[in-house]
Each structure stands twice: as C-alpha cells, then as structure tokens.
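Trainee: I would like to learn how to read salt bridges and strand pairing from a model. Can we work through one example?

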Amino acid sequence: MSSTAKYIFVTGGVTSSLGKGIIAASLAQLLQARGFKVTIQKFDPYINIDPGTLNPYEHGECYVTDDGAETDLDLGHYERFLNVRTSQANNITTGRIYNNVITKERKGEYLGKTVQVIPHITDEIKRNIFLLGESGEYDFIITEIGGCVGDIESLPFIEAVRQVKYDLPPNNSIVIHLTLIPYLNAAKELKTKPTQHSVKELLEAGIQPDILVCRTEMSLPMEIRKKLALFCNVHINSVIEAMDAESIYDVPLLMRKEKLDERVLAKLKVQSKEEPNLEQWKSFLGKLKNPVNEVQVGLVGKYVSLPDAYKSIAEAFVHAGTRNDCKVKVKWISSEDITKDSVESVLRGLDGILVAPGFGERGLEGKIEAIKYVRENKIPFFGICLGMQCSVVEFSRNVLGLEASSTELNPKTKNPVIDMMEEQKKITIKGGTMRLGAYTCKLKKGSKAYAAYGESVIEERHRHRYEFNNKYLEQIEEAGLKAVGVNPDSNLVEIVELKDHPWFVGVQYHPELKSTVLNPHPLFVKFIEASLEHKKSVNK
C-alpha cells in the first residue's frame, strides 16, 4: 500500500445524476493546476462486467480507453478535463469484482474458506482502490463511487471505503459527499432534510463525510450553510455550494471560488506552494463564451433522444468550435427520420453533417440517404465508425452501381463492401469479436487527414466489429473514394476521403474519444473549419 498517495472518495446521495464525475474531474483539474499528479477512478455498482454490453439509452455512451477497456462515460470527463489517459484500472464494476473473487475461489485460492462479502468482496474492492496509488505515479487518487448512498448495490463499496479510512494513517483519506438541496417553489425555500438523511445513511455505514458539496439551483444563504454544518457534523467552511452552471467547463472555476481544493489540501495536510494555474482554462472559457461565428452541424444517429449516447462527440464539437472561435449548434437528427423523400427537408440549411457511430441495422438506410445528399451537394461530411462504413456502402451503390451493403445490415448481400474479418467470424462471445482500444494508422501525404494531423503515423481508439472489405479497394479507389489511412499491421482501411469534394472524411476509429479541452481533436477542428467555409460560400 502506497503511503505517498492521498485518497479522496466522492460519494453521492439523495438522487443519482448530480454530477459526481464533473465534481471529481473539476477537483482533479484544480489539484493538477497546482502541479500535483492526479488520477480518477470510477467504481460502478452494477453487475455487468463492463458497460460494453449496456444499451446507450440506459447508460449513455460507452467510453473506450487506449488499452481497449469499455468503460463508463465519466472516464471521458476525466480525460477531457485532465488531458491524462485512463485505462482499465480506472473503471471497476461490481460484476468485475465478483468475477475476480469467484475465479479465485474456483482456483482454490481461499483454501476452502467460506467466501463472503466481508472480507472477500471488500478486500477485492480495496485491492482495486489501491492499484493506481501503488504505481507511485500519483499524488492524489480520486475514487468516485457510482450510485447513491443507501442503495443495496453500493453497500460493499461504502464498507470498503470505511475500511480504507481505517487502514490508512490519519490525514491520508477524505470523503466528499455530493448531495442535493432542493428548492421548493411553493414554500419559496431551500430544504436541507434530504441531505441530512443522506449523511445519516453514511454515518450508519460508519463514514463521516469530511466535505459536503451541495448541488443547488439557488445560492446557499449563510443560515442554510450553518444548519448543514451543524446537522451533518462538518465544518462550515467544508459546506461547498455547487450551483447549476452554464457549462460543465465552468465548474472548476466555481469550485475554486468555493475553495474546494483548499479545503481538500487542508484536510489532507498537504502544503501547496503555488496557486492553481488556470490561465489556459480561463482562455478556453473566454473563447467558449464569446464566439465570433456560429455554425449549425447535423448529428445523424439512432440514439439522438438521449444526447449522452454521443457525449464525447458533443464535447469534441465544443472543443473544436472554441479553437475556431465559433459556436457549434448541433441539430440532433434521428437516422430513422431520413428517407429519400424527407432527406432534403431534414438536412437543408446545415453547414456540415456528422454521421455517428452505432451498432445494428436500425436507421442504417437513413444514414446512407444522408451521405448521398451531402456527397452530391458538396456539404462537409464527417463519418465516424459506422458513419464511415455507410459512406463506403453509399458510394458503392450510387457511384459504382453495385448491389452493395454491410453484412451487418444484410448478411446475404451480393457485394459485402463492409464485412467481418475471417478470424472474427469464429468468435461467439459478444465482447470478443470487437477491435478495441488504440491501433496505429499510417496516413497518405497530401490527404485531408494528413493535413489535419500534421504527421504520417497516428494512433486512435477503436470499438467495432466490421471492417472495410479490401477485395473492393481497387474498384472503389478508382472511382474516387480514396483509402488515405491504413493500419500498417493488418492492412485494414482506417480513413476514406472523397476526391473533388470540399471536405468528405470517414474514419473507422473514434476520434471523439481523444478530444480534450486543451487538445481539441484535429479532425473535429478541420471539420468545423470546413463547415464555416461552406457557410460563408453559401452566404456569398
């Protein structure tokens, strides 16, 4: 167990979706801005082994790390805020914990003992809590416990946190409890009772929170803070107000104003000589709030009724827009609403179209119609994963005249321009057939992708099952759709670009996963730039 790293636990109460991930990422950003090395991990109380098999409608997008771990979308916030890569070790589910314990039991590692929640499950949770700290790379490990205090699923995690506080020397761990202070319109007052109950739940589990972060629509008056401090047994300076913010990127500065980082350092007895250096962050926010231009981009996907399903893409637009001094307004378009007859009315007036990733055949034909429209009307197009595959199918059908499809859409298609690789066809376990995590891609000089990246070898993250079928490569390239990025090891096509089009780029990987506040993704930056150009040319 590392004695150098300090452990910060973030729990939540009253209701879920209060923004524990954003608070954790904001605190990490403030500590990082003081020169500390910080990482964040998320413990999810559901029994799925990873979020890879979850419906995006239930849980938002599945975020993929360089090492191929399918993780919770909060890891996306961590990377976007900190500009630091996460890995499998940063997201653990109950399913994974139990799986590890049961595997050990089957191997006989418990020597015939009765395997129980305490100590075996809690010990496995603790082992995972300490994993990142033992690497010696970090000063602070922030651990976010998913769900709500009081949920049956969260109990083993809360118990493990209690034990960790007991195991570590004093001043080496703290618990921040995020809670809700509702405003009752009829009574015109803020109510502290739900928070009192939530803290009582924590106390019953043996944990006294050190800091309360209170989500609220109204500012917390001093008497409310005093009441919370008194009833919840925390110092009044440790009652932190977290007002609803205009943008998630405001939260680090709001937390700085509330002195959250100072309270944390004081509780952990850590001296910080420097004030946080937030100049780059402030300059990003300044540009975000004062755009010079505006573009409207259509996002065509099948999960658009829950924007969290495309969280990373939405945030990559924010980063790229800011880099272009431009506000990106996103029009969310369900691919099922697009037909031959409606495509013109649905897409008319947009400055650029992004066709989003997804699985399964639902809404695929709508995506193909959208791509035909932007190809013929010379509107900037960006296809990601399935979006890129649809662009290959559309081109093969409408330019080459083939009866083409993806075997995902039609297993019996005459011309499977998108197909599963031979070695993947033999695998039956859902998660096993995917190409997951970071892979290398070699770019052709003179391409738009090369111009964007400014280098010839890049590394990007994948999460897909079907590939460009190289049997059709020569035919497709001759007709004008060029493969400008290829994986050097497998020869698989990673990027296609259309000749004689202002900006038509399809990528097999997920560039949105690597876009951060301080490093917007170059392809998104260029796509927004092209959309701006298109808008100017149309309005001439």
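Trainee: Is lysine 165 buried, partly exposed or exposed?

Mentor: First, note that this is a predicted model. Lysine 165 has a relative accessible area of 27%, so it counts as partly exposed.

Trainee: Which residue does the side chain of lysine 165 meet in a salt bridge?

Mentor: Its partner is aspartate 210, with an N to O distance of 2.9 Å. Lysine 165 belongs to helix α6, whereas aspartate 210 sits in the loop between α7 (193-204) and β10 (211-216), so the pair ties together parts that are 45 residues apart in sequence. Aspartate 210 is buried, its relative accessible area being 18%.

Trainee: What does aspartate 167 pair with?

Mentor: Aspartate 167 forms a salt bridge with lysine 126, and the closest N and O atoms are 2.9 Å apart. Here helix α6 (residues 155-167) supplies the aspartate and helix α5 (residues 117-134) the lysine, so parts 41 residues apart in sequence are tied together. Aspartate 167 is partly exposed at 35% relative accessibility, while lysine 126 is buried at 11%.

Trainee: How far apart are N and O in the salt bridge of aspartate 325 and lysine 287?

Mentor: The distance is 3.9 Å; the cut-off for a salt bridge is within 4 Å.

Trainee: How many salt bridges does the structure hold?

Mentor: There are 36. Some residues join in a network of salt bridges: Arg34, Arg256, Asp261, Glu262 and Glu275 are linked this way.

Trainee: Now the strands. Where do the side chains of a regular strand point?

Mentor: They alternate between the two faces of the sheet. In strand β15 (residues 381-384), Phe381 and Gly383 lie on one side and Phe382 and Ile384 on the other. These residues are all buried, and both faces of β15 are covered.

Trainee: Which strands pair with β15?

Mentor: Strand β14 (residues 352-355) runs parallel to β15 and is joined to it by three bridges; leucine 354 has phenylalanine 382 as its bridge partner. Between β14 and β15 the chain passes through helix α14 (residues 364-376), a right-handed β-α-β crossover. Strand β23 (residues 504-507) also pairs with β15 in the parallel sense, over four bridges, and glycine 383 has glycine 506 as its bridge partner in β23.

Definitions and conventions
Residues numbered from 1 in each chain as written. Predicted model: local features only at pLDDT ≥ 70, side-chain atom pairs only at ≥ 80, totals over all residues. Heavy atoms only, no water. Buried < 20%, exposed > 50% of the residue type's maximum accessible area, 1.4 Å probe, protein only. Helix = DSSP H or I, 4+ residues; strand = E, 2+ residues; numbered from the N terminus. Pairing = 2+ DSSP bridges. Right-handed = clockwise from strand over helix to strand, strands pointing away.
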